[in-house]
Structure formats: C-alpha cells, structure tokens
Amino acid sequence: MNVNLEYYKIFYYVGKLGGITLAAEELSITQPAVSQAVRSLERALGTELFVRTGKGVHLTPAGEVLYAYVRRGYEEIQTGERKIREMINMEIGEIRIGASDMTLRFYLLPFLQKFHETYPGIRLTVTNGPTPETLRYLAEGKIDFGLVTAPFTAKKGYGAVQVRRIQDIFVAGERFAKLKGRVHAWSLLKELPLVYLEKHTSTRTYIDEFLRAQGVAVQPEIELATSDMLVQFALKNLGVACVVKDFAQEYLDKGELFAVEFETDIPERPMYLVTNEKLPATAASARFLKLLKENMNGEAGGSMNGQK
C-alpha cells in the first residue's frame, strides 16, 4: 500500500487534538487540506477513522487501533529529531578517542578539560592503547580519531596532521652514576641491563630501528607495558630505561634520574592526529577536532600521507 506519509502526520494531530480546526492551526495549513488528507487516508485504508460531531471528531474503533501505532511511531520520530537538534547544538553527544598514555597525558588532556568545561553534556570516551591498536580501532570505526606517534603507516583515506614532537632518551638512577658526564658509543647498550617498552608499540619499533642503523642489536632484560613503569624501574635502579623524555622530566629536574649521553641524539619523532576520512564526523567530534587544530603551535601542522 502506497500511502503518503504526510497523511499519517495529519491523522496523528487530528487524533491527538480531537478536531480538524485545531490540527490545521497546529500544522499551519488550511482546514480543507486537513479534511482532504483524512479522507484520502480513509479511502486508502478502506475504513472510516473518525466520527464527525458538532464538537469536533473522535476516533472510530479502527481509528483507535491505527492511532495507537501512529502515535508511537511519530513521537519516536519527534524524539529522534529532537536528539539530532541537541547533538547539533552540542547539548548531547559523544566523542570517541584513541590515545596512548603518552599522547593523552602530554598532549590531549588539557584539551579534554577545556572541551568538557564548555560542553558538559558531551560524553568523552578515551580508549587507551598503543599506536597499532589505535589505528586498528580507527579502521574499525570504534573511535572518531586517534593520537599516535611515529613510526606508523597511514592507510589510504586517512588524514594525519602533526601536533608536536617527542624525544626518546635513556635514563638511569644512582646505581649507574659512573655513566654521568661522559659521552658513550651506542655499543655500550650491549653491556647494560635495559628496560624497554614491550614489542608491537611504535616507541619500541622506532628505537629498535634506530639502533639497528647504528649497528647495535640489544635484548632488554625487562619489558614493560607502560612508560610510567619504565621510569619507576629506573628509579629503583633495575636498569637503564629507554623512555620518552616527557615521562622522566620531573625526575631529571630533581636529580633522581639522569640522561645517559651518547655520541648522537636519537632524532625527535612526531605525534600525529589521525582521522579516517571515510567516516563522517559527528557534530561533537568535528567541534573537538576544530579546537585541536586551532591550538596547533608552530611545530605542528605538518601533514603526512602514507608515511612510516
């Protein structure tokens, strides 16, 4: 049956308000247009839906059955429209972000705080994981965007914008004080107990590739899941830890740890904001991305496509 859905809308208002005139006023159309729509619907369904009286109209038994279903459906549509308006107006919504401990703590957190203060009705969901896991979630549509660090391969259809740079260093505690104040060859690492992030993280991949280029292959004694724990193990003198400098800065400033100096510095590497351009952005995620891009400093803003 091919019935104009506008007829059901008019039927809903006539049934709800109990009159042709009231429905016409509510819908801002003429009374004859309302009457015509009701008659057309009755002809299409093959039954009368209203009984006309001097005081208006009331539903027939068939009309009551139809109205019960139409009311639920139309009011659900109204609810959906209202929710969409609330999302557009940033009253409700959700942002799903993929980030590692590092990208969250040393870049993203202040922006999340600012955004939440401005739009308290928006739910913020942060999925914590290393770069490969974040990229997988982005491909599967489980997050709206991710913050990752090089090296990684951006798939076709991804957008990646550099937001800052980070520095990897080796740090140690008092047990290794004899290493202070001297510049060492990278081959020294073969003689030291090393504390590394576990494999399959962008940081571990980057360090392994850098040392391989220096002709050095090492096997760490301890492998950990988080950068915070790397610092704690170094503080306990359990080994020389390879860590992003931001995590160790507080302890370097206090003199509880020191950076082991080598003949060359490990090159800085970029942190990227990554989006899947195949996925439409929600109003909330688009607003948050705008906030991030508006606050990119001079070192940010470089883009990459398919870079490792």
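Figure 1. Helices (H or I, at least four residues) and strands (E, at least two) are DSSP runs, numbered from the N terminus. Residues are numbered from 1 along each chain as its sequence is written. Because the model is predicted, local features need pLDDT of at least 70 and side-chain atom pairs count only at pLDDT 80 or more, while totals for chains, interfaces and linings use all residues; side-chain values use heavy atoms, with hydrogens and water left out.

**Figure 2. Arg72 in helix α4.** Arg72 belongs to helix α4, which covers residues 61-88. With a relative accessibility of 42%, Arg72 counts as partly exposed; buried means under 20% relative accessible area and exposed over 50%, with partly exposed in between (1.4 Å probe, protein chains only). Tyr12 is 60 residues apart from Arg72 along the chain, and the C-alpha atoms of the two residues are separated by 10.0 Å.

**Figure 3. Strand β7 within the open sheet.** The sheet is built from 5 strands in the order β10-β9-β11-β7-β12, with mixed pairing. Strands β10 (222-224) and β12 (258-259) stand at its edges, and each has a single partner strand, so one side of each is left without a neighbour in the sheet. Strand β7 (residues 168-172) is joined to strand β11 (residues 240-244) by 4 bridges in an antiparallel arrangement, and in β11 the bridge partner of Phe170 is Cys242. The pairing of β7 with β12 is antiparallel over 2 bridges; here Val171 stands opposite Ala259, and Ala172 stands opposite Phe258. Asp168, Phe170 and Ala172 point one way from β7, whereas Ile169 and Val171 point the other way. Of the 5 residues of β7, 5 are buried, so the strand is largely enclosed by the rest of the structure.

Figure 4. Arg204 lies in helix α7, residues 202-213, and counts as buried at 5% relative accessibility. When its neighbours within four places in sequence are left aside, Arg204 is in contact (heavy atoms within 4.5 Å) with Tyr196, Leu197, Glu198, Lys199, Pro220 and Glu223.

Figure 5. Thr275 is part of strand β14, residues 269-276, and with a relative accessible area of 18% it is buried. Leaving aside its neighbours within four places in sequence, the residues in contact with Thr275 are Leu138, Phe145, Gly157, Tyr158, Gly159 and Leu289.

**Figure 6. The protein as a setting for the close-up views.** The protein has 10 helices and 15 strands. Its radius of gyration, taken over C-alpha atoms, is 31 Å, well over the 19 Å that the globule rule (2.2 Å times the number of residues to the power 0.38) gives for 308 residues, so the protein is more spread out than a compact globule. The C-alpha trace spans about 105 × 35 × 35 Å along its principal axes, and 44% of the 308 residues count as buried.

Terms used
Two strands pair if DSSP finds at least two bridges between them.
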